Amino acid sequence: MTAELVATIGVVAIGRNEGERLKRCIASLKGLAAAIVYVDSQSTDGSADWARGQGVHVVDLDLSLPFTAARARNAGYRQLMTVAPGIGLVQFVDGDCEIQPGWLATAAGFLN
């Protein structure tokens, strides 16, 4: 992918206690997006701290309100627009999933 294309893509990942799955998810995204936001739903396995250590922007979801995946994605999107307001394309992914090689470039090419 070109640097120009990478600069237009942001990623929002959501999860709770994803551990090794989150590591694979983030690894599948490295170098493919201008910014990655991980929304953590009160993990107890260190997922949020690990993600921070990787340079991922982390939102610690307040669970005083009911948790839903949609709420997490919306919180992640808001944070993404704060840290990278120039993003034109957003990939949402669950923290236990990986992005396949070539997917973001293919999707961006179709949408642009």
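**Reading the model together**

Modeller: R73 has a relative accessible area of 27%, so R73 counts as partly exposed. Do keep in mind that this is a predicted model.

Colleague: With which residue does R73 form a salt bridge?

Modeller: The partner is D94, and the closest N and O atoms are 2.9 Å apart. Since R73 belongs to helix 4 and D94 to strand 4, the pair ties together parts that are 21 residues apart in sequence. D94 is partly exposed too, at 30% relative accessibility.

Colleague: How many salt bridges does a search of the whole structure find?

Modeller: Six. One of them joins K23 and E20, whose side chains meet at 3.2 Å, N to O. These two are three residues apart in helix 2, so about one helical turn separates them. The general idea is that an α-helix has 3.6 residues a turn, so residues three or four places apart point the same way. K23 is partly exposed, at 31% relative accessibility.

Colleague: And is E18 buried or exposed?

Modeller: E18 counts as buried because its relative accessibility is 11%, and the cut-off for buried is under 20%. E18 forms a salt bridge with R21, with 3.0 Å between the closest N and O atoms. R21, at 37%, is partly exposed. Elsewhere, salt bridges link D49, R52 and D60 in a network.

Colleague: Back to helix 4, please. Which of its residues are buried?

Modeller: A72, A75, G76 and L80. Looking down the axis of helix 4, you find these buried residues within an arc of 140°, so they line one face of the helix. R78 and T82, on the other side of helix 4, are exposed. The helix runs over residues 69-83 and reaches 21 Å from its first C-alpha to its last, close to the 21 Å expected.

Colleague: What covers the buried residues of helix 4?

Modeller: The cover includes strand 1 (9-15), strand 2 (35-40), strand 3 (57-60) and strand 4 (89-94).

Colleague: How should I read strand 1?

Modeller: Start with the general idea: in a regular strand the side chains alternate between the two faces of the sheet. Here, I9, V11, A13 and G15 point one way from strand 1, while G10, V12 and I14 point the other way, and all are buried. With seven of its seven residues buried, strand 1 is therefore largely enclosed by the rest of the structure.

Colleague: Which residues stand opposite V11 in the strands beside it?

Modeller: In strand 4 the bridge partner of V11 is Q91, and in strand 2 V11 stands opposite I36. Strand 1 and strand 4 run parallel and are joined by six bridges. Strand 1 also pairs with strand 2 in the parallel sense, over six bridges.

Colleague: And how do I read the nonpolar cores?

Modeller: In soluble globular proteins, nonpolar side chains tend to be buried together. In this model the largest nonpolar core has 20 residues, of which I9, L29, I36, Y38 and V93 touch the most other members. Strand 1, helix 2, strand 2, helix 3 (47-53), strand 4 and helix 5 (103-111) each supply at least two residues of this core. Another core, of twelve residues, lies apart from it, and I14, V37, V59 and I87 are among its members.

Colleague: What does I9 touch beyond its neighbours up to four places away in sequence?

Modeller: I9 touches M1, L32, A33, A34, A35, I87, L89, L104 and A108.

Note on methods: Residues numbered from 1 in each chain as written. Predicted model: local features only at pLDDT ≥ 70, side-chain atom pairs only at ≥ 80, totals over all residues. Heavy atoms only, no water. Helix = DSSP H or I, 4+ residues; strand = E, 2+ residues; numbered from the N terminus. Expected span 1.5 Å × (residues − 1). Buried < 20%, exposed > 50% of the residue type's maximum accessible area, 1.4 Å probe, protein only. Arc of directions from axis to C-beta. Contact = heavy atoms within 4.5 Å. Core = buried A, V, L, I, M, F, W, Y, C linked by side-chain atoms within 4.5 Å. Salt bridge = Lys/Arg side-chain N within 4 Å of Asp/Glu carboxyl O. Pairing = 2+ DSSP bridges.
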